[in-house]
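The following exercises are to be worked through with the sequence and the structure at hand. Each task is followed by a solution in steps.

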Amino acid sequence: MKNILLITTDQQHWNTLGFLNDEVRTPNLDRLAARGCYFSRAYTVNPTCTPTRCSWITGTYPSQHGAYSLGTKLMENQPTVNAEFQKAGYRTALIGKAHFQPLLSPPEYPSLESYPLLHNLDFWRSFHGPFYGFDHVELARNHTDEGHAGQHYALWMAEKGYPDWREYFSPNVPCYQLPEDPLRNSSHRSPLPGAPWDIPEEIHYNAWIAERTNAMLDEFSANRKPFFLWASFFDPHPPYMVPEPYASLYDPAQVTVPEFTPGEFDDKPPHFAMTRQENPDFSAYRTDEGCNALHGAGSHLLDRETRAKNIATMYGMVTMLDAYIGKILDQLDARGLTESTLVIFTTDHGDFLGQHGLVYKAMHHYDDLLRVPLIAALPGVIPSGATSADLQSTVDLAPTMLAFAGLPVPRFMTGLNRYGNWCGDHAQARRHVIIENHHNPTTFYAKTLVNDRYKITVYLNASYGELFDLRDDPGELTNLWDKPECQMLKQQLLLEFLQADMAIEPMPMPRICGA
């Protein structure tokens, strides 16, 4: 039985790996790719955190597991891959970010990842699971210096001799401030773009995740139990900030800064051009339900100097991540686990750094947001030093991990088992992938299909859409949706899309008789 080690980041552009991009240094991810396979056409199942992370552990699409958007939760009765590993005698653990539940906890949808519980350290001192099929969890929820910092991470910082850990994190926004909240009165102020975060490296969450992941590896190795272990890092999600020496590693004057191409939004749906306005009116996207936020629904105008500083800082975040991922890979080697452990590295979705004039997460289904880095390594099983251009979807992680462990894939999973394809059988490649993005119930629901050459995006209750030829137009500048000469192509792709969507219907049991 093979062990499974899943290492993930948050909001990492696919092109921020050193072996792809000589502007950034990632020696440890480079060595992981050298001993495994890098998948150059991997796509997220959803371009936001909660839906994708829930798809990773359920092997189902967001429209199926129910956590379809940020601000929703994965219901506790949903079956998970972790529970399947548990049934087979595996130990299961998660260190770092879960984000299966929202920050608020109404009575009908209780959330462990909510206020004020995030900062009730007495609760977290005694809680380590069970949690969605994980035997053991150690959790935190913040990005960089957000006031969400707490849970097991805060306990660890205090144990490291930093009882004033709160002073490295921002006070909470007013809607989350409660009298008993330890971050309510923090005096911390976020650094300006390009300036270092003053948190000591020894209590940065990267150090916490690596240390605690390695402690779990020690325990699993000593007990000789097969394991499914998830090390879930928070970076390089914005706001971009990192402590020294990483904050000064990259010179903003030396990084490539993507730019908007004038006129490229002329043939796109209306929410594209609105991002070029100072104060765009996205009120039409608001509904009575789910109108609290919509990533990308705002102005994306940001000066070039700030974008350059953000990219340089983000590169520093990636290099710091890489250093701590290296500590985990070193521990695998030291414990003699490398040969028996499938290691998977990926992220939940991409990032905009100025491409198409966009910044951060957005509602725009360009490859910068939808494509993700994906590396898989298992010596003697997955070809080493390989690169595959076969289409991949992160909805396939759960069934594929089970297959590598020699375990049956349950019928509730609608992702595909990629075992043979990851081992080099290109005949088993996916024909297409589907990406879902359902934020508001009626005003923003986009679905995208990508096949070997084309990408097509459709919107609920809208006649507009996008169609790109990724071979002839890899920059996705020309929308073919309304081109007269492309109407037959659009019809063919829409039929392929409908058939692909029909094929992912869950079938939890076989048909066992005629009636």
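**Exercise 1: A charge and a ring**

Task: Determine where the charged end of Lys-327 sits.

Solution. The charged end of Lys-327 is placed over the ring of Tyr-324, at 5.5 Å from its centre. The criterion is that NZ of Lys or CZ of Arg is within 6 Å of the ring centre and within 35 degrees of the ring normal. Arg-276 likewise lies over the face of Phe-260, 4.1 Å from the ring centre.

The model is predicted: local features need pLDDT of at least 70, side-chain atom pairs count only at pLDDT 80 or more, and totals for chains, interfaces and linings use all residues. Residues are numbered from 1 along each chain as its sequence is written, and side-chain values use heavy atoms, with hydrogens and water left out.

**Exercise 2: Strand S6**

Solution. Step 1. Strands (E, at least two residues) and helices (H or I, at least four) are DSSP runs, numbered from the N terminus. Buried means under 20% relative accessible area, exposed over 50%, and partly exposed in between (1.4 Å probe, protein chains only).

Step 1. Two strands pair if DSSP finds at least two bridges between them. Leu-6 stands opposite Trp-230, while Ile-95 stands opposite Ala-231.

**Exercise 3: Two aromatic pairs**

Task: Classify the pair Trp-56 and Trp-230, then the pair Phe-123 and Trp-124.

Solution. Step 1. Rings of Phe, Tyr and Trp (its six-membered ring) pair if their centres lie within 6.5 Å; planes under 30 degrees apart count as stacked, over 60 as edge-to-face and the rest as tilted. The whole structure contains 37 aromatic pairs.

Step 1. The ring centres of Trp-56 and Trp-230 are 5.7 Å apart and the planes stand at 70 degrees, so this pair is edge-to-face. Trp-56 belongs to helix H2 (residues 49-58) and Trp-230 to strand S6, 174 residues apart.

Step 2. Phe-123 and Trp-124 are also edge-to-face, with 4.9 Å between centres and 90 degrees between planes. Phe-123 is partly exposed at 25% relative accessible area, whereas Trp-124 is buried at 0%.
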